[in-house]
Amino acid sequence: MTRARRVAGSLAAVLLFVFLFPVMLLSQEGVRTQVGGTVTYVTSTQVFGDIGRGSGLRENDSVHVVKDGATVALLQVTHLASTSFAARILSRTVVIEKGDSLRAQVPAIVTRPRPQLTPDSTSAPPSEVRRRQPSSPRPSAQEEGGTGMRIRGRVSMQYYALFNSAIPGAAFSQPAAVMNVTADDIMQLPLRLQYYSNHRYDARGDAARSGVVRDRWRHRFYQFSLRYGEDNGPVTATLGRFVPYAVGGIGSVDGVMVEGREGAWEGGLIAGAQPGYRDTELSLRDQKIAAYAGFRSEGEAFRTRSSLAAAQTYRDGALDRSYFYLVNSLGIGRSVTLYQNASLDFYDVDDGDGHMQPHLTDLYLSATWRPQRWMSLTASYANRRSVYFLRSFASVPDSLFSSARLQNYQLSTGFNIPGGMYASLTASVRTQENSDKAATALAGRFTWSNLLDTRSNVYLLGSWADNIFNSSASYGFEINRDLLEDLYSALRLQQYRYSYSQGDRSIDRTTLSLETYYRMSSMFYLSLSYEHYWEGAVTNDRIYSEISMRLR
């Protein structure tokens, strides 16, 4: 038997096992019930909600974002607390907003009627189904005589390695430690401490590190701040290293931020310095100042959110960049959502000299229309240009075309299909300034959640793109499920093909990956990811593992 046949046979056996194992476990899964909640916070890649472990939710569970009874986004839970969760966005057809409805399927326990001691009591019918109840809550710190401080977050040990068939030994080997901890109500005050750091070690051999002079250790401190005030209180003050999300493009700040809120209005002032880009030293060479104001209105007919920020950065006391950042969103009824953000820079670089020339460096517009409960349409337009700083000569490229304006037009549609299925199709056209060539792309995705009530999720995806200098096509398949009560696995197979415009050269890559996640206890969990891909005669193996302790 050839090696290719052995690989194909092994792959077929794995696929057969993954498909049949859910059916064998149907009798062990029990009945499932639906729980609901709302979106509490949204970032560009994550969604936070008010459903937690106490409702029966588990890590890696699927959560649906629902508007007007139709699913508009699919999430996967990554972090979980007793009454809240954080999730990554798998797919979405509209902008996810705070207050959107959430739906999730959680295990339920079928209870049998217990013998009653009193003849006048009424027992529940045998078919009654109740949702899994949370365990008895632990006593609060106040009840135990403590300070009332609450600590949450995670501490993780990670390892990442890459092996290439053309290179002896490990091409990449890096153990790391990650700490992301938040402490609330310190000394029984509305005081919050946030700490987030990453510590990595280059474990490659000396031969693989030839020519590398930097130290093996790399330390990054992303956040180390102390905030006074409630989340939605009238005044909050933050001191330390943080990211002011209300001011797009300003990045991390070592300094202070004061925010105030009154009714539907809010505003803030920020002052500080830029942490080191490659290391995390405290430096006062690059200064930053900013101010922002925001307004929010919620109504049945209209929902509006607006924010305007003005920011300036300096290099050694001289102006480096000055710009406005504007964000607006408008919801009309329950069927139309409009969104816009834009950056307006005041200075431009011409032959090395900066001069006053207001110009848009980043404009994004999107509109979503849901004509039916089961259908949505989204159109977007992006017009981006690289930003060049006056004194530091740094640049913030917005695309592969670092010196020219790039425009992107995109249209997508999504359909909810009965039985937990969802399909989407996206088409895009990208043009470059002073060029008559356009790049085009088409991508499709099909999702079947909770396949046949087995807690299995199936994904089919494909894409095609003409990138002017090359073209590419890909298709893939993924199935994931909870194999056991606390063991989750995902199997993914994807095929890529790249063809270059000059000549007949093309590259084929096949990727097979397996991911597992095991919850050892309510506090500890272990994850392992293995990926093997072929690209011509070269093969690569990637391994990533993590063991984490959750604090809550």
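Residues are numbered from 1 along each chain as its sequence is written, and side-chain values use heavy atoms, with hydrogens and water left out. In this predicted model, local features need pLDDT of at least 70 and side-chain atom pairs count only at pLDDT 80 or more, while totals for chains, interfaces and linings use all residues.

The protein chain holds 2 helices and 31 strands. Helices (H or I, at least four residues) and strands (E, at least two) are DSSP runs, numbered from the N terminus. Of the 552 residues of the chain, 36% count as buried. Buried means under 20% relative accessible area, exposed means over 50%, and partly exposed lies in between (1.4 Å probe, protein chains only). Contact means heavy atoms within 4.5 Å. Among contacts between residues at least 6 apart in sequence, 47% join residues at least 24 apart.

The largest nonpolar core has 18 residues. A nonpolar core is a set of buried Ala, Val, Leu, Ile, Met, Phe, Trp, Tyr and Cys residues joined through side-chain atoms within 4.5 Å. Leu-57, Val-63, Val-65, Leu-75, Phe-85, Ile-96 and Leu-102 touch the most other members. Two or more residues each come from β1 (31-42), β3 (62-67), β4 (70-80), β5 (85-92) and β6 (101-110). Strand β4 gives the most, with 5 residues. Beyond four places in sequence, Val-63 touches Leu-57, Ala-73, Leu-74, Leu-75, Val-77, Phe-85, Leu-102, Arg-103 and Ala-104. Another core lies apart from the largest one. This other core has 13 residues, among them Phe-242, Tyr-292, Ala-309 and Val-327. In soluble globular proteins, nonpolar side chains tend to be buried together.

The cavity search gave 5 cavities of 30 Å³ or more. On a 1 Å grid over the protein atoms alone, a cavity is a set of points where a 1.4 Å probe fits but cannot get out; lining residues have an atom within 4 Å of a point. Grid points are joined across faces, edges and corners, and a volume is the space filled by probe spheres set on the points. The largest cavity has a volume of about 70 Å³. Its lining consists of Arg-58, Glu-59, Asp-482, Leu-484, Glu-485, Asp-486, Leu-487, Tyr-488, Tyr-517 and Arg-519. Strands β27 (470-484), β28 (487-500) and β29 (506-519) each give two or more residues to this lining.

The structure holds 12 aromatic pairs. Rings of Phe, Tyr and Trp (its six-membered ring) pair if their centres lie within 6.5 Å; planes under 30 degrees apart count as stacked, over 60 as edge-to-face and the rest as tilted. Trp-374 and Phe-415 are stacked, because their ring centres are 6.1 Å apart and their planes stand at 25°. This pair links distant parts of the chain, 41 residues apart. Trp-374 sits in the loop between β19 (353-372) and β20 (375-384), and Phe-415 in strand β23 (residues 406-417). Trp-374 is partly exposed at 43% relative accessible area, and Phe-415 is partly exposed at 29%. Tyr-381 and Tyr-409 form a tilted pair, with 5.2 Å centre to centre and 45° between the planes. Tyr-381 in strand β20 and Tyr-409 in strand β23 are 28 residues apart. Tyr-409 is partly exposed, at 40% relative accessibility. Tyr-195, Phe-221 and Phe-224 form one aromatic cluster. Arg-321 lies over the face of Tyr-323, at 3.8 Å from the ring centre. A charge sits over a ring if NZ of Lys or CZ of Arg is within 6 Å of the ring centre and within 35 degrees of the ring normal.

Thr-236 lies in strand β12 (residues 235-242) and is buried, with a relative accessible area of 1%. Val-256 lies in strand β13 (residues 253-262) and is partly exposed at 36% relative accessibility. Val-256 and Thr-238 are 18 residues apart in sequence, yet 5.5 Å apart in space, C-alpha to C-alpha. Leaving aside neighbours within four places in sequence, Val-256 is in contact with Thr-238, Leu-239, Phe-242, Leu-269, Ile-270 and Ala-271.

Most residues other than glycine have a negative phi. Asp-185 has a positive phi of about 55°. Asp-185 lies in the loop between β9 (172-184) and β10 (191-201) and is partly exposed at 27% relative accessibility. Met-187 also has a positive phi of about 55°. Met-187 lies in the loop between β9 and β10 and is exposed, with a relative accessible area of 59%.

How values were computed
On a 1 Å grid over the protein atoms alone, a cavity is a set of points where a 1.4 Å probe fits but cannot get out, and a pocket is an open set with protein on both sides within 12 Å along at least five of seven lines; lining residues have an atom within 4 Å of a point.
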